[in-house]
Amino acid sequence: MDDLRKRAKELIDTSAVKVVIGYEQGTGNKTRALFVENSEVADKLIFDSRCVQNLAAYVTKQEVKSKGKMAITATLPVMRAIIQLASEFQVNDDNLIVIGITPESKIIDFKNLEEVETYVHQFQIEIDARNREILDKLDKMTPSERWKFWIDELSPCFKCYACRAACPMCYCSRCTVDFNRPQWIPVSSNELGNLEWHFMRAMHLTGRCVDCDACANACPLAIPINLLTKKMIEDAKSDFGGYQPSLKGENLLSTFKPDDKENFIQ
Ligand code: SF4
Ligand code: SF4
């Protein structure tokens, strides 16, 4: 923790960055994002196992970008998100410094995003055992059983969009669900509209989701929407040879190979 505060103070005091994004104590036992713009505030920085919010969700926000060059406290899922965002031209070495945090809570200094990418590529996205078990159960269901599972799970959704706000990859200035002329997806909560919203969201995250679980953690109703994106990650792996965020910008949704198993795109 002292190392993190020291590094944040250095970056601010030397004007290397204008703001350091990290975590602070929130209400109750929760943590929340902290935006350090002067070195006294850096003393509020914390890092522990409760810091699961994906801070990369802030680096595309105009309010944060307008402050100037940023530094971000980044665990592995945050680093993955940063590399994906860099491949989509949302961040680069000129506007972002990454302060890496290892699984052992050690600080890593990266010179540039290329070094972050090299670090990230040492680790594959692995679905944890609990979610693996649910995905296996879903795979074994008949299509109608699976349909019922999702109708039941998604029906309570009241479209607060906290999941969207928590996701580093949902950064469009205007989301399809917010359009009302024409209205593609109903804004009210109903069975069909809820399915449309969540299936659209999962589709838009295919090959981009970094499996950070921030969306599911943000949902006030604990709807397991991350199962949809986990399934897409698995399908991308089995059907298209896997996925790793990459600075080369080879996004799954916008590239194809001549030997893809589906031929509609050729
Ligand atoms: S969809 Fe969920 S798990 Fe995937 S990147 Fe967004 S917040 Fe993380
Ligand atoms: S956070 Fe939960 S309730 Fe809110 S829109 Fe997302 S899934 Fe629905």
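Author: What follows starts with the chain as a whole, turns to the sheet and one of its strands, and ends with the loops and ligands.

This is a predicted model, in which local features need pLDDT of at least 70 and side-chain atom pairs count only at pLDDT 80 or more, while totals for chains, interfaces and linings use all residues. Residues are numbered from 1 along each chain as its sequence is written, and chains are lettered from A and ligands numbered from 1 in the order in which they are written.

The protein chain has 10 helices and five strands, where helices (H or I, at least four residues) and strands (E, at least two) are DSSP runs numbered from the N terminus. Its radius of gyration is 19 Å, close to the 18 Å that the globule rule gives for 266 residues, so the chain is as compact as a globular protein of that length; the radius is taken over C-alpha atoms, and the rule is 2.2 Å times the number of residues to the power 0.38. Buried residues make up 29% of the 266 residues, a residue being buried if 20 or more other C-beta atoms lie within 10 Å of its own, exposed if 12 or fewer, and partly exposed in between, with C-beta atoms placed from the backbone.

The five strands form an open sheet in the order E2-E1-E3-E4-E5, with mixed pairing; two strands pair if DSSP finds at least two bridges between them. At the edges are strand E2 (31-36) and strand E5 (107-109), each of which pairs on one side only. From one strand to the next the twist averages 30°, and for such angles axes are lines fitted to C-alpha atoms, for helices over the stretch in contact, with values from 0 to 180 degrees between N-to-C directions.

Strand E4 (residues 96-101) pairs with E5 in the antiparallel sense over three bridges, and Gly100 has Ile108 as its bridge partner in E5.

Turning to the loops, Gly28 is found between strand E1 (19-25) and E2, and Gly28 is exposed, with 5 other C-beta atoms within 10 Å. Cys172 lies in the loop between helix H7 (162-166) and helix H8 (191-204), and Cys172 is exposed too, with 11 other C-beta atoms within 10 Å.

Of the 15 residues around ligand 1, Cys167, Cys209, Cys212, Ala214 and Cys215 come nearest, where a residue is near a molecule if its C-beta atom, placed from the backbone, lies within 6 Å of it. Helix H9 (214-218) and helix H10 (226-240) each supply at least two residues of that shell.
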